[in-house]
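The following account leads the reader through the contacts between the chains of a model. Please consult the sequence and structure as they are shown here.

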Amino acid sequence: MPLIETSDGPMWRRRATKKQLLIWLGWLVGIAIATYAWQLISEKTIWFFVEDAPRQAADIGTRMIPPKWSYMNELWRPVWDTLNIATLGTVIALIIAIPVAFAAAKNTTPHPLVRAVALFIIVSSRSVNSLVWGLILVLIVGPGVLAGTIAIGLRSIGFCAKLLYEGIEEIDHTQVEAIEATGASRAQQMLYGIVPQVLPTFAGVGVFRWDINIRESTILGLVGAGGIGLELNGSINTLAWTQVSMILLVILVTVIISEWVSARVRGAII
Amino acid sequence: MLRLEGLSKRYKTGDQALTDINLVVPNGQVMALIGPSGAGKSTLIRCVNRLVEPTKGKVFLGDLELTKLGSGALRRARRKMGMIFQEYALVERLTVMENVLSGRLGYVGFWTSWTRKFPKKDIQEAYRLLDRVGLMHMADKRADQLSGGQRQRVGICRALIQNPDLLLVDEPTASLDPKTSRQIMRLINELCAERGLAAIINIHDVLLAQMYSQRVVGLELGNVVYDGPPDGLTPEVLTRIYGEEDWEATIEKVEDEDEDEIGEEIDAISSPTKPEQKTIVASGES
Amino acid sequence: MSDTSAANPGSSGVGITYPAKWKKPPLITNPTLRWGLILGFAIYLALALGTMDVNWGRVWEGLPRGQRFIAAFFPPDFSDSRNVVWDGILESMWMAIIATVAGIALSVPVGLGAASNLAPKWVYLACRSIVAGSRTFPEVILAIFAVKLFGFGPFAGFIALSIGTIGFFAKLLAEDIENMSASQAEAIKATGASWFQWVNYAIQPQVMPRMIGLSVYRLDINFRESAVVGIVGGGGIGATLNTAFDRYEFDTAAAILLIIIGIVMVLEYASGYLRKWVQ
């Protein structure tokens, strides 16, 4: 907080002149980038549609009410599929994520090279959205629940493994040292010193991811990978708006219930 | 018998923790290792079972040269060295029984340790040791439900079930209250006497060191500056180990307190297996 | 070891036989509940696997395609004659940037309003429902509606991502304000500052560092999501990726995926670095 000598005596400023200039420059660059980005986007926009949007929105809104309650009879199966995609996908992800996490944690990795590979698996799995995984898998194994389950599994490996290996790195090392001092082998040290310490983290991460996966599996159907998203896609394409609102309502309720369950289970574990 | 020859340790950071240590600890001797923080006490005992790898020098346990063992042989050698830790270092989420049995890990295979199906002999011994320290009823409790003194007793059981020739004890009383500290030190002493064990005990508290050991070694900046009987710790010696301080007054005052307390305490712990006494010990701690 | 107990007359080891068996106490002590949970999970698993109809013939047919897809990564082919990949990537980047900027600009008032220690009750409730509304549905569903309303192209994606940003950012901002140190805020209020001065002097300095870190993090999320909104017609790299898969152009798809992974890695590293630098 410098004082600057002026003709009227010292003046206080919040920042030194140079730093202030840098901050202004930062703002200028930021605004320039944003303006440029905006121009590019607006070039590709048909403004007629945008102007028409409020009227359209109101139109669709009125057509969505009331939801078609009887449609629920056809939704039970997709909801069940969605639940299975999320649950089985989480189970697959955890089974694969556990060895990956042990390979990625600094204190348990067998070799730095193995660690690098494990970290790459984590980043790739996390960078590619489950919908993209779904797109790929529908091409390979065909549309349906199987593609969705594998997509959710592949997407979740990175997420779970990342949280797990961070948990492994944060354990209390003296407990492991004590086991090592008894003459235990490396595998036994892992079993007695490390696993008990990270078990609650594992359970917490699994439930947390399951909750997220319920959300993600509701949309997988948009690319044909099973679940309630299939019905959503179909209803939107056929402009059956009362069915759309019913599906959205069902998604909302499913998400709320899964959130509640996951909060309860996590509370019980920790 | 433990023999250290020219043991030195320099950490990667460049800190010289130990310089040319030569020590012989005969069987049955309880040796206290005192010195200021950072003098290298912890490093010394960790160099013995090679949790810390010494840079130079040799360590012999009996006729076995520990410093040249490969990892498999080192694991077998570690079974003969029980270690007791400063913050107990129990695996908190395992039961007391699992913590005690983990002392047998060096003797059993991976599958046995996975299924927790330890040999009958080990389980009996674990119960016997827990009973010996007055914690038999706690066997199925999780370790993090125990008080500090109770945890340290479990730590002692874990070291003893290894059936060791040597005990390495790292600040066993650092996180305990004065009364519990003495109970623990006395227990370690008694157990060493029962089994004829050699022990190295790192300890901050000069007084406890004097009371519960047959020999005191003073470390200062990685060098042995005193090696002799407990009553040889004169103010001059303490000044050499710790630096200038009014030692006369400190020693005198604390020693007075001792006399009063020891009398009543001996009753409480000397036979912790009598049922009515056991309750006293337990209530004193929780 | 038996000799130790004999050598120890003072201990109670003499004459007492100790149990030779020990079993780890189960995690759930109530046996009915324990077996009920195990059985329930087993039944669920059987039902879930049983009702999953898989067309194994189709899976078998698809395997060579999977092989071809994986082979396209080794080595990846970045030579792209029509420049569609880079066009798509750039469009996604611009979309992510503008959506982040607009989303944050909009979420500042919403976030201030959604902080219970700052806003009157009715403003608080209104802002909280905006936050809850935009958080409930994934960006993709928002994108579908945006495409219906605004037509195909990046504008729809921009709208969807902006709304998603509001839900994310306003919620964290509001929570941060609610958790800030009350004494600092009180001290400024005690000087007789106006509401805006109060926000500027007492609240902004406390929440700013974290918010800068979060905005980079959100930029990262928006970029990743932009790959997805494109699949439903929201423009950007997602549209390119979708076309590539429709035409079975695995080389292009592999290149796009690798570029996405690379950019996400760079962004993640940058946001970690920036967060450290700000704090």
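Between chain A and chain C, 53 residues of chain A are in contact with 53 residues of chain C, contact meaning heavy atoms within 4.5 Å. The model is a predicted one, in which local features need pLDDT of at least 70, side-chain atom pairs count only at pLDDT 80 or more, and totals for chains, interfaces and linings use all residues. Residues are numbered from 1 along each chain as its sequence is written, chains are lettered from A and ligands numbered from 1 in the order in which they are written, and side-chain values use heavy atoms, with hydrogens and water left out.

The size of an interface is often given as the accessible area lost when the parts come together. Chain A and chain C bury about 4900 Å² between them, and carbon and sulfur atoms give 79% of this area; buried area is the accessible area (1.4 Å probe) that two parts lose on being put together, summed over both. Of the area that chain A buries against chain C, 13% is supplied by A:Ile41, A:Leu139 and A:Ile140, more than by any other three residues.

The side of chain A that touches chain C consists of 40 nonpolar, 9 polar and 4 charged residues. In this division Ala, Val, Leu, Ile, Met, Phe, Trp, Tyr, Cys and Pro count as nonpolar, Asp, Glu, Lys and Arg as charged, and the others, Gly among them, as polar. Between chain A and chain C there are 0 salt bridges, a salt bridge being a side-chain nitrogen of Lys or Arg within 4 Å of a carboxyl oxygen of Asp or Glu.

The contact of chain A with chain B takes 19 residues from chain A and 29 residues from chain B. The area buried between chain A and chain B is about 2100 Å², with 62% given by carbon and sulfur atoms. A:Thr182, A:Leu191 and A:Tyr192 supply 31% of what chain A buries against chain B, more than any other three residues.

How many salt bridges are counted between chain A and chain B? The count is 2. In a salt bridge between A:Glu177 and B:Arg46, the closest N and O atoms are 3.1 Å apart.
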